[in-house]
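I went through the aromatic rings, then the salt bridges, then the charged surface.

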Amino acid sequence: MTEAMIRKKPGMVSVKEMPILQDGPPPGGFAPVRYARRIPTKGPSAIAIFLTAFGAFSWGMYQVGKGNKIRRALKEEKYAARRAILPMLQAEEDERFVKEWKKYLEEEARIMKDVPGWKVGESVYHSGRWMPPATGELRPDVW
């Protein structure tokens, strides 16, 4: 397009003959410029996230509490069963100990028969207290 068609003035000879055409705002002015940061609200609100997290935590702690009660009941049942059979186990151990003690005393009498003044079964410590062997074996060297 030529300048003559744009300006609607045919036959211009010089640029100086051109009418002044200045850009300006449209009638009514320009729309306001948005310069503020406006982030769209997508997703749940902060209070919804907080309440959901609090609910999940509360439910988890409730489940932990239930598990603790069950575990405590099972442990108490196990201990009650152990307490119930303890006298029988102790009687069996006492019977085994008496048999081993008799064998031990016989072996001690056989070994120490030539030592004058040796008393079979007498403690060499003279503490006044009798202590059963801690290992459960009277003669570990014989086995």
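I began with phenylalanine 97, which counts as buried because its relative accessibility is 16%, below the 20% limit. The model is a predicted one. I looked up its neighbours and found that Phe97, Trp101 and Tyr104 form one aromatic cluster. Phenylalanine 97 and tryptophan 101 both sit in helix α2, four residues apart, or about one turn of the helix. Tryptophan 101 is partly exposed, at a relative accessible area of 26%.

I counted the aromatic pairs and got three. For phenylalanine 50 and phenylalanine 54 I noted ring centres 6.4 Å apart and planes at 20°, so this pair is stacked. Both residues lie in helix α2, four residues apart, about one turn of the helix. I checked their cover as well: phenylalanine 50 is exposed at 53% relative accessibility, while phenylalanine 54 is partly exposed at 48%. I then took the rings of phenylalanine 97 and tryptophan 101, whose centres are 5.9 Å apart with planes at 20°, so they too are stacked.

How many salt bridges does the structure hold? I found five, and I wrote down three of them, as follows.

I looked at glutamate 93 and arginine 96, whose side chains meet in a salt bridge at 2.8 Å, N to O. They are three residues apart in helix α2, so about one helical turn separates them. Glutamate 93 is partly exposed at 34% relative accessibility, and arginine 96 is partly exposed at 30%.

Next I took glutamate 100, which forms a salt bridge with lysine 103, the closest N and O atoms being 3.6 Å apart. This pair is also three residues apart in helix α2, and hence about one helical turn. Is glutamate 100 buried or exposed? I have it as buried, with a relative accessible area of 10%; lysine 103 is partly exposed at 41%.

I also noted glutamate 76, which bridges to arginine 83 with the closest N and O atoms 2.9 Å apart. Glutamate 76 is partly exposed, with a relative accessible area of 42%.

Which residues form the positive surface patch? I listed Lys69, Arg71, Arg72, Lys75, Lys78 and Arg82. I followed up lysine 78, which lies in helix α2, residues 46–111. Lysine 78 counts as partly exposed because its relative accessibility is 43%.

Notes:
Residues numbered from 1 in each chain as written. Predicted model: local features only at pLDDT ≥ 70, side-chain atom pairs only at ≥ 80, totals over all residues. Heavy atoms only, no water. Patch = residues over 30% accessible without salt bridge, like charges linked within 9 Å, V, L, I, M, F, W, Y side chains within 5 Å. Areas by Shrake-Rupley, 256 points an atom, 1.4 Å probe, with all protein chains shown as cover. Salt bridge = Lys/Arg side-chain N within 4 Å of Asp/Glu carboxyl O. Lys, Arg positive; Asp, Glu negative; His and termini not counted. Charge placed at Lys NZ, Arg CZ, Asp CG, Glu CD. Helix = DSSP H or I, 4+ residues; strand = E, 2+ residues; numbered from the N terminus. Buried < 20%, exposed > 50% of the residue type's maximum accessible area, 1.4 Å probe, protein only. Phe/Tyr/Trp six-rings, centres within 6.5 Å; stacked < 30°, edge-to-face > 60°.
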